[in-house]
Amino acid sequence: MRPTEINPQFYQAQLDDKVSALNQQFAEFSMPELEVFNSEKLNYRMRAEFRVWHDGDELFHIMFDQESKEKYRVETFPPASKLINNVMADLVALLKENDIARRKLFQIDYLSTLSGEIIVSLLYHKALDDQWLEQINQILKQLRQHYRIDIVGRARKQKMLVDKDFVIEHLPVGQKTYEFKQIENSFTQPNALVNQKMVEWALDVTTNSEGDLLELYCGLGNFSIPMAQNFKRVLATEISKTSVAAAQYNIEANQAHNVTILRMSSEEFVQAQAGMRKFNRLEGIDLTQYDCRTVLVDPPRAGLDDETVAMVSNYDNIVYISCNPETLLDNLAVLSQTHEVRRFALFDQFPYTHHVEAGVYLVRKN
């Protein structure tokens, strides 16, 4: 759907269709009543990326139609935050007047926050040099008269900073506000207010939990750090070095000293826990000392592999956040043999699309 076709008056009907489809999709299981968490109707995305089109002296953002693959000009982007929309217009106006800054520019990525910070990544088909840095610095000075903004330049095997490559988000969750460093070009939840509802839901389903929490695919600690209040300790894994570094910062910023992050894939953790392999990254950490009775997984679209599903099924309680209900359905076919679903949720991360985020809370059968 093109941005110009987004109409807030149709939002509720589209959400109702998603609710009906998700209930029907999971009808083969004994599911509790679906909890539905809606999105803002406009300006809900904290991230956006656009290709750049050069036409003589003109320069503008473009997107491609999913069906026809034809490009179309984007002046405003209603799904994106108001901050992104404001910066888009001002940035392009400055770039198109600067031959060095605009030459070979082919893409612009935006990452904004609820806290009012934004970082822009400029992607080029050319090597970046000191002259580029000087010109971008001048552009940044003008933008900083109105915005709390940073710019990063990227080219083949090259990353150039004007100042820094991250923003600091302040995310309200329940009665507390959490500080999260979010690094450009790494994963963050796109819909901040729906993400807030996801974390609050995960906190709610694990109220009065006993023992420790294991989280796989923890990213920058989006769930791990707020959920630390419900558990004695949290042991979390993440494979991305960038996300692990951000998570370590976020642990300190939020004084979540009962959270430990391991730089491991879920497959590696399965091997380590089973004693199949030894990892130097686990030096000083005795996995047998953890009493993890609950596991939280928020896997990529491919879902959990067979080995991880088998490992996860050994835990008393499972919190499963899924960006792909089809793979959740496949995993649930296995997990339902040992666990029953106590809570079932739909999080509308992606309004006006067919995509939904789903959550299930499973408890071991007696």
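**Charged pairs, cores and strands**

Tutor: Glu58 and Arg73 form a salt bridge, with their closest N and O atoms 3.2 Å apart. A salt bridge here is a side-chain nitrogen of Lys or Arg within 4 Å of a carboxyl oxygen of Asp or Glu. This pair links distant parts of the chain: Glu58 is in strand β3 (residues 58-64), Arg73 is in strand β4 (residues 71-74), and they are 15 residues apart. Helices (H or I, at least four residues) and strands (E, at least two) are DSSP runs, numbered from the N terminus.

Student: Before we go on, what kind of model is this, and how are residues numbered?

Tutor: This is a predicted model: local features need pLDDT of at least 70, side-chain atom pairs count only at pLDDT 80 or more, and totals for chains, interfaces and linings use all residues. Residues are numbered from 1 along each chain as its sequence is written, and side-chain values use heavy atoms, with hydrogens and water left out.

Student: Back to the pair. Is Glu58 buried, exposed or partly exposed?

Tutor: Partly exposed, because its relative accessible area is 30%. Arg73 is also partly exposed, at 42%. The cut-offs: buried is under 20% relative accessible area, exposed is over 50%, and partly exposed is in between (1.4 Å probe, protein chains only).

Student: How many salt bridges does the structure hold?

Tutor: It holds 19. One of them joins Asp165 and Lys159, with the closest N and O atoms 2.7 Å apart. Asp165 is buried because its relative accessible area is 17%. Lys159 is at 37%, so it counts as partly exposed.

Student: And which residue does Arg233 bridge to?

Tutor: Asp212, with the closest N and O atoms 3.3 Å apart. Asp212 counts as buried because its relative accessibility is 1%. Arg233 is partly exposed, at 25%.

Student: What about Glu169: where does it sit, and which side chain of opposite charge is nearest?

Tutor: Glu169 is in strand β9 (residues 166-173). It is buried yet has no salt bridge; the nearest side chain of opposite charge is Arg148, 8.4 Å away. For charge, Lys and Arg count as positive and Asp and Glu as negative; His and the chain ends are not counted.

Student: So what does touch Glu169?

Tutor: Setting aside residues up to four places away in sequence, its contacts include Thr113, Leu114, Tyr178, Phe180 and Ala192. Contact means heavy atoms within 4.5 Å. Ser115 is another contact, and its backbone nitrogen lies 3.1 Å from a polar atom of the Glu169 side chain.

Student: New topic. Which residues touch the most other members of the largest nonpolar core?

Tutor: Leu22, Phe26, Leu214, Phe269, Val312 and Tyr320, in a core of 43 residues. Apart from it lies another core, of 39 residues, among them Leu171, Val173, Ile183 and Met198. A nonpolar core is a set of buried Ala, Val, Leu, Ile, Met, Phe, Trp, Tyr and Cys residues joined through side-chain atoms within 4.5 Å.

Student: What is Leu22 in contact with?

Tutor: Leaving out neighbours within four places in sequence, Leu34, Pro325, Phe344, Ala345, Leu346, Val356 and Ala358.

Student: Does β16 run parallel or antiparallel to β1?

Tutor: Parallel: four bridges join β1 (residues 34-37) to β16 (residues 339-347). Val36 has Leu346 as its bridge partner in β16. Strands pair if DSSP finds at least two bridges between them. On to β17 (residues 357-364): eight bridges join it to β16, and these two run antiparallel. Phe347 has Glu357 as its bridge partner in β17.

Student: And α10: what do its buried residues pack against?

Tutor: They pack against α1 (11-25), α9, β15, β16 and β17. The buried residues of α10 (residues 325-335) include Pro325, Leu328, Asn331 and Leu335.

Student: Last one. Which loop holds Asn185, and what is its phi?

Tutor: The loop between β10 (176-183) and α5 (192-205). Phi of Asn185 is near 65°, a positive value in a residue other than glycine. Asn185 is exposed because its relative accessible area is 60%.

How values were computed: A polar contact is a pair of N or O atoms within 3.5 Å; within protein, one must be able to donate a hydrogen and the other to accept it, and residues adjacent in sequence count only if both atoms are side-chain atoms.
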